[in-house]
Every structure is written in structure tokens, then in C-alpha cells.
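Hello,

I am handing over the structure we talked about, and my notes on it follow below. Please have it open beside you while you read them.

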Amino acid sequence: MSVEIIIDKEKCKYSMYDPQGCKKCMSICGASVFATRPTEKRDFSIPKEQRLDPTIWQISAPWADVCNLCGACLKVCPHGALAINVDGKPLDK
Ligand code: SF4
Ligand code: SF4
């Protein structure tokens, strides 16, 4: 079974400038699928290890393989920013 968790970055109201932003999906997920991290500056003249930008954060779902398909994150997201595909088919909310 393959699980893909898609976060629509346009709809997601996780504050890019505030690591304490929305994170409702992350809070409700008992399987700890979600994570936040600083973005990387897209300036490739800077050495890779210096590219992390601590002022702009993003939320991601790096551990989709441990998702138990409970659907709680889909229900809690106030902006409909999440979608989960299981073997290519959307998980219902
Ligand atoms: S469906 Fe459940 S386990 Fe999977 S990411 Fe959402 S809250 Fe976490
Ligand atoms: S609950 Fe929705 S809006 Fe909030 S951080 Fe998660 S994906 Fe973004």
C-alpha cells in the first residue's frame, strides 16, 4: 500500500513566518506524520549548509509511511489544504 499526503501550499495557512502557526493537522496526528522545518534559500551561490532560512518555515508530511489513514487531519484542516491518496485513490474525509 502506498500513501501519499499532499499539502496544498496555497491553501495551507501554516504561517510561513511563524513556526507557531496553524499546525492543526500536526497536533491531531497520533502517528506523527507531519513536521515543520525552515525552508532553504534558493541562492545556490551560498554553500548548502548555510542555505537554511530560519525566517520562513513550511509544514510537510515526511513520514506518510506511518499514516494509519484515520482521516483526522483531513477533517481538522480549516482550509481544505490536505489530501491523502492511498494506492492512487483519494481517502474520503
Ligand atoms: S490520516 Fe491520521 S495518521 Fe494519517 S496523517 Fe492524517 S491524522 Fe495522521
Ligand atoms: S491544518 Fe491545514 S492549514 Fe493548518 S497547517 Fe495543516 S494543512 Fe495547513
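**Around ligand 2**

By class, the residues in the shell around ligand 2 are ten nonpolar, one polar and three charged. This is a predicted model, so please read everything here as computed from that prediction. The shell is made up of 14 residues, and the closest to ligand 2 are Cys-12, Tyr-14, Cys-22, Cys-25 and Cys-77.

Pro-78 itself is placed in the loop that runs between α2 (72–76) and β4 (82–86), and Pro-78 is exposed because it has 10 other C-beta atoms within 10 Å, where 12 or fewer is the cut-off.

Most residues other than glycine have a negative phi. With that in mind, which phi does Ser-32 have, positive or negative? Ser-32 is not a glycine, and yet its phi is positive, at about 55 degrees. Ser-32 sits in the loop between α1 (24–28) and β2 (35–40), and Ser-32 counts as exposed because it has 10 C-beta neighbours inside 10 Å.

Leu-69 is not a glycine either, and it has a positive phi of about 65 degrees. Leu-69 belongs to the loop between β3 (52–60) and α2, and, with 12 other C-beta atoms within 10 Å, Leu-69 is exposed.

Best wishes

Key. Residues numbered from 1 in each chain as written. Chains lettered and ligands numbered in written order. Predicted model: local features only at pLDDT ≥ 70, side-chain atom pairs only at ≥ 80, totals over all residues. Helix = DSSP H or I, 4+ residues; strand = E, 2+ residues; numbered from the N terminus. Buried ≥ 20, exposed ≤ 12 C-beta atoms within 10 Å, placed from the backbone. Near = placed C-beta within 6 Å. Nonpolar A, V, L, I, M, F, W, Y, C, P; charged D, E, K, R; others polar.
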